[in-house]
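Hi,

Here is the structure I promised to pass on.

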Amino acid sequence: MADNGPDISFERVALIGLGLIGSSLAWAMRARGLARDYVGFSRSEATRSKALELGFIDRAAASAAEAVAGADLVVVAVPVGASGSIAEEIGPHLAPGSIVTDVGSVKQAVVDAIAPHIPQGVHFVPGHPVAGTEHSGPEAGFAELFEGRWCILTPVQGTDPGAVARITALWRALGSEVDTMDARHHDMVLAITSHLPHLIAYTIVGTATDLESSLKQEVIKFAAGGFRDFTRIAASDPVMWRDVFLANREAVLEMLGRFDEDLTALQRAIRYGDGDKLEEIFAASRAVRRSILEAGQA
Ligand code: NAP
């Protein structure tokens with residue numbers, strides 16, 4: 001028989017957390033017929049009912065422990081700060097041979113929180129789909145979210161290669177490219193590419209909010225001048241982002257320190273009328289944009 005690669009179909013998927021990422025994953029897997037049965041759990045009854053009504057889960061469980069019983073794939077898709085308590089609850093109920101994965105935006109803290117609760121014979125493959133929108137909740141999901149995006153896996157040494165291969169193949173089937181790296185390295189890379197931009201967006205929107213009212217009105221009116229893009233990023237889920245900064249403290253502080261130095265250099269160039277310096281910095285930034293376009297990640 002021909003080798004068709006790792007098996008990417010599952011009998012029962014348990015989704016813990018039914019927001020943007022959990023629902024998008026369910027829709028994307030459903031669109032490709034990758035599982036027979038979808039069971040979901042979310043903290044609130046309202047979200048569980050909405051998920052059932054929308055139809056991306058077949059059954060809502062009354063607890064995370066109940067959701068994972070008999071599942072061969074468990075996806076933890078809650079804010080990263082909730083990962084540890086979820087793992088502690090589901091640990092004793094995980095089926096032997098099953099795979100647990102997650103989608104958290106920070107990896108080392110999540111590995112530290114989840115791994116100790118994974119029993120022998122269950123495989124944990126931490127993951128982070130680098131895809132998202134500023135919307136959250138069960139209605140925000142859509143099947144195409146992961147197409148053309150990266151998914152980063154950060155398995156710890158000694159993880160069953162077969163389980164890593166299945167999760168890799170799963171993300172590829174959903175249209176993503178997959179890279180594998182060390183969790184700490186992931187956190188450093190994402191600190192500058194995602195976490196710091198969000199922090200800057202939250203700051204600049206906050207600064208504008210604090211302006212006296214006449215100026216504030218005009219900020220809204222003339223938002224298209226650049227401010228609007230920051231407001232979109234700053235509309236992201238506050239709980240998710242609170243947890244990201246608390247969980248990726250070291251890497252974010254490191255990148256923030258570097259950013260601060262560069263901002264001071266710009267401030268100095270403006271103060272002393274150093275146009276050449278400004279132009280040099282802006283030209284280098286423009287080249288980065290071109291590379292992103294060329295990489296198809298715009
Ligand atoms: P979301 O839309 O806000 O959904 C989060 C879900 O988790 C909700 O269903 C929420 O339940 C549930 N939840 C929260 N605390 C819980 C708990 N203690 N027990 C059970 N369920 C709980 O967030 P999301 O964007 O899908 O983010 C989920 C994960 O994906 C996060 O770790 C985030 O870092 C990661 N991620 C996000 C993005 C992005 O752009 N948004 C991209 C990549 C990865 P209720 O609705 O019932 O309260």
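Let's start with the domain interface: domain 1 and domain 2 bury about 1,200 Å² between them, with carbon and sulfur atoms giving 69% of that (buried area is the accessible area, 1.4 Å probe, that two parts lose on being put together, summed over both). On the domain 1 side, Ser105, Val106 and Glu134 lose the most area to domain 2, together 41% of what that side buries.

Before going on, a word on the source: this is a predicted model, where local features need pLDDT of at least 70 and side-chain atom pairs count only at pLDDT 80 or more, while totals for chains, interfaces and linings use all residues. Residues are numbered from 1 along each chain as its sequence is written, and side-chain values use heavy atoms, with hydrogens and water left out.

Now the ligand. It has 28 residues around it, and the closest are Arg43, Ser44, Thr47, Val78 and Ser105 (a residue counts if one of its heavy atoms lies within 4 Å). Ser105 has a side-chain N or O atom 2.6 Å from a ligand oxygen, and for the side chain of Thr47 the distance to a ligand oxygen is 2.6 Å.

Cheers

Notes:
A polar contact is a pair of N or O atoms within 3.5 Å; within protein, one must be able to donate a hydrogen and the other to accept it, and residues adjacent in sequence count only if both atoms are side-chain atoms.
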